[in-house]
Amino acid sequence: MTTAAKIDGKRVAAELKAELAVRVKALHEAGIDPGLGTILVGDDPGSHSYVAGKHRDCAEVGIASIRIELPASATQAEIEAAVQQLNEDPSCTGFIVQLPLPPHVDTHRVLELIDPDKDADGLHPTNLGKLVLGTPAPLPCTPRGIIELLRQHDVPITGQRFCVIGCGLTVGRPLGLMLTRPTEHATVTLCNIETRDVAAHARASDVIVAAAGVAHLVKPDWVSPGATVLSVGITRTIEGILGDVDPNVDVVAGKMTGATGGVGPMTRAMLLTNIVEIAEQQLAAREAIVGALT
Ligand SMILES: Nc1nc2c(c(=O)[nH]1)N[C@@H](CN(C=O)c1ccc(C(=O)N[C@@H](CCC(=O)O)C(=O)O)cc1)CN2
């Protein structure tokens, strides 16, 4: 019985963070100290754990962090005021609004108010539009992490057939856009809740990305022998965390992530990467001005 090789996001994320710490030090020496802001609304335990992880990562690489927490009862106006506060805060290089927001909030309106130059999640419509056009812009963290994870584990992308299960704003939709850029040129089937016979689409694919938030959705008979399988969605149960991929898939897959330690740590590492890149662009712009004046 074969066992799939592990795709290790924890290891790759640790390597990326070590490189980022060096870049943050160089920025500091040039007079720029990057800062990440987070806006967290409500008491969802998952969201609290993810935001806490993002701030731990910042401390690890030397990025300052600014944390805004609002109760689940916060009004649209209060959340928009928090966005405005971080838009105007010079110590905040970039920020995120942790999703999902409570159901009474107009999420798209909140995302639209983020200054696109401070959009550390790459979810502002301007930056999603730039992704479609192929213009440089901050990229959504989970899809960026997935592509980096595949590269680091020598999983080919160009010309490969991908089945992305789930078409949410943070993973499926932007991942489809990124995988079909001319730099990747993958063939992507983006499955949604109405897709007929998702198993057949998955079986016809070289890489399966499960981002539906349905525990153990992807079964061994959904996977063609040797395929790569990434688990993105997480379901919290009293027995612990369950991923979207049944662990028994490891007898069929060539390479796969676990429910944890795969894509999650990469999402966080890519958020830090986006912050450092924004800060480096600010430094380059400053140096260009100094150069033009001297
Ligand atoms: N504004 C955003 N909101 C959300 C995003 C996002 O990219 N931007 N993605 C997800 C949640 N997410 C990031 O915020 C996220 C998910 C998982 C992890 C992670 O490190 N997971 C660990 C396990 C965590 C645990 O034990 O609780 C792992 O996989 O090992 C980090 C970030 C939705 N919202």
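This is a predicted model: local features need pLDDT of at least 70, side-chain atom pairs count only at pLDDT 80 or more; totals for chains, interfaces and linings use all residues.
Residues are numbered from 1 along each chain as its sequence is written, and side-chain values use heavy atoms, with hydrogens and water left out.

**View 1. The shell around the ligand.** The shell holds 17 residues. Lys54, Val97, Asp121, Arg236 and Gly261 come nearest. By class, five are nonpolar, eight polar and four charged. Here Gly counts as polar; Asp, Glu, Lys and Arg count as charged.

View 2. A polar backbone atom of Val97 is 2.8 Å from a nitrogen atom of the ligand. For Leu99, a backbone N or O atom lies 2.9 Å from a ligand nitrogen atom. Arg268 uses its side chain: a polar atom there lies 3.3 Å from an oxygen atom of the ligand. On its own, the ligand has 680 Å² of accessible area, and the protein covers 83% of this (Shrake-Rupley method, 1.4 Å probe).

**View 3. Where the ligand sits.** The ligand takes up the space of the largest pocket. Helix H2 (45-61) and helix H9 (263-293) are the elements that give two or more residues to the shell. Helices are DSSP runs (H or I) of at least four residues; strands (E) have at least two. Domain 1 (32-118 + 267-293) and domain 2 (141-261) both give residues to the shell, so the ligand lies between them. The domain bounds come from an automatic or database assignment.

**View 4. Two backbone features.** Most residues other than glycine have a negative phi, and most peptide bonds are trans. Leu99 and Pro100 are joined by a cis peptide bond, with omega about 5°. Pro100 is in the loop between strand E4 (94-97) and helix H4 (107-113). His185 has a positive phi, near 50°. The loop between helix H7 (172-179) and strand E6 (187-191) holds His185.

Terms used: A residue is near a molecule or strand if one of its heavy atoms lies within 4 Å of it. A polar contact is a pair of N or O atoms within 3.5 Å; within protein, one must be able to donate a hydrogen and the other to accept it, and residues adjacent in sequence count only if both atoms are side-chain atoms. On a 1 Å grid over the protein atoms alone, a cavity is a set of points where a 1.4 Å probe fits but cannot get out, and a pocket is an open set with protein on both sides within 12 Å along at least five of seven lines; lining residues have an atom within 4 Å of a point. A molecule sits in a cavity or pocket if more than half of its atoms lie within 2 Å of its grid points.
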